[in-house]
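This briefing goes through one protein model by topic. Keep the sequence and the structure in view while reading.

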Amino acid sequence: MNPKILIIGACGQIGTELTQKLRKLYGTENVIASDIRKLNTDVVNSGPFEVVNALDFNQIEHLVEVHKITDIYLMAALLSATAEKNPAFAWDLNMNSLFHVLNLAKAKKIQKIFWPSSIAVFGPTTPKENTPQYTIMEPSTVYGISKQAGERWCEYYHNIYGVDVRSIRYPGLISWSTPPGGGTTDYAVDIFYKAIADKKYECFLSSETKMPMMYMDDAIEATINIMKAPAEDIKIHSSYNLAAMSFTPTQIAAEIKKHIPEFEITYNPDFRQKIADSWPASIDDAEARKDWGWQHTFDLESMTKDMLEHLG
Ligand code: AKB
């Protein structure tokens, strides 16, 4: 039987593509998209849509009951750069929305949760290259602290209350269909828009800042596959490391130049440099590959080609 899905934060960068993919997979009527406002016409017009505040437990519970929801994908969050500007609200949103869905699962009102974590759970004391699944985690950003605490709560609710919650530590995500909002890895999306429009881009990170990244197609595939996996295959109930590619601004600029030879990049690092410097440069995702068969398709070359084809 098809799951009955509620996506909270469906109008965001991941939510938009996730909604369309899940609707194709499980049928439009089985996927209820929701967000704080009607922020994306594609999402709003392509199937059932509800306005919901992720901080309002009663609203979420009402939607769960009315639509007989089995699975919730909680995609609403404040990302790293925005969270630094509004720490109290970031903590409130990122933590309490998670508690709401965990408590619905604890009360057996829903069966399964997807909750996104991030490479931001790692910090400056974490090994930078091939960051292992289990290692030192001392995040130094509000966003990272909230994601790390969230991971601990996911594992706790699984161990103590038997809640089926599944999670991935997303790297920076790159997509052509919906712009990201408020992240430190956003430069890797902005650069494409500026390369096409202006043939130049001023990067807010320094030239050799290497970060883990992933094309949205791969991220959506991973999200759907971890949710489809048999429960016994999910061995990690905090969050799985996930990787596809790692590159610096210099390397992505060089790749874009292969298609747009006039393209030039300049550098003017801002407060986001410190955030990027605290994160891993590359990730070891062996556990995800072993436990539920994760594999990526896109590397820097194929991702760049696909982005430029869609945006150009
Ligand atoms: C951000 O930059 O804040 C996000 C993330 C890595 O979680 N893209």
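Predicted model: local features only at pLDDT ≥ 70, side-chain atom pairs only at ≥ 80, totals over all residues.

- Strand β9 (residues 211-215) runs antiparallel to β11, and 3 bridges join the two.
- Opposite M213 stands M245 in β11.

**The seven-stranded sheet**

- Another open sheet is formed by 7 strands with parallel pairing, and its order is β3-β2-β1-β4-β5-β6-β10.
- At its edges are β3 (49-51) and β10 (240-241), each of which pairs on one side only.
- Strand β5 (residues 112-118) pairs with strand β6 (residues 164-170) in the parallel sense, over 7 bridges.
- I113 has V165 in β6 as its bridge partner.
- Helix α3 (residues 57-67) packs on the sheet, where it touches β1 (5-8), β2 (31-35), β3 and β4 (71-74). The direction of helix α3 makes about 155 degrees with that of β1.
- Helix α8 (residues 216-228) lies across β4, β5, β6 and β10, and it runs at about 160 degrees to β6.

**The two domains**

- The domain assignment divides the protein chain into domain 1 (5-173 + 214-233) and domain 2 (175-212 + 245-284 + 298-311).
- A distance of 25 Å separates the C-alpha centres of domain 1 and domain 2.
- In the contact between them, 33 residues of domain 1 meet 32 residues of domain 2.

**The ligand**

- Which residues surround the ligand? They are L79, S80, S118, I119, Y143, G183, T184, T185 and W279.
- S80 has a polar side-chain atom 2.6 Å from an oxygen atom of the ligand.
- T184 places a backbone N or O atom 2.7 Å from an oxygen atom of the ligand.
- T185 has a polar side-chain atom 2.9 Å from a nitrogen atom of the ligand.
- The ligand exposes 250 Å² when taken alone, and the protein buries 94% of that.

Key:
Residues numbered from 1 in each chain as written. Heavy atoms only, no water. Pairing = 2+ DSSP bridges. Helix = DSSP H or I, 4+ residues; strand = E, 2+ residues; numbered from the N terminus. Near = heavy atom within 4 Å. Polar contact = N/O pair within 3.5 Å; in protein donor to acceptor, adjacent residues only side chain to side chain. Areas by Shrake-Rupley, 256 points an atom, 1.4 Å probe, with all protein chains shown as cover. Domains from an automatic or database assignment. Contact = heavy atoms within 4.5 Å. Axes fitted to C-alpha atoms, helices over the stretch in contact; angles between N-to-C directions.
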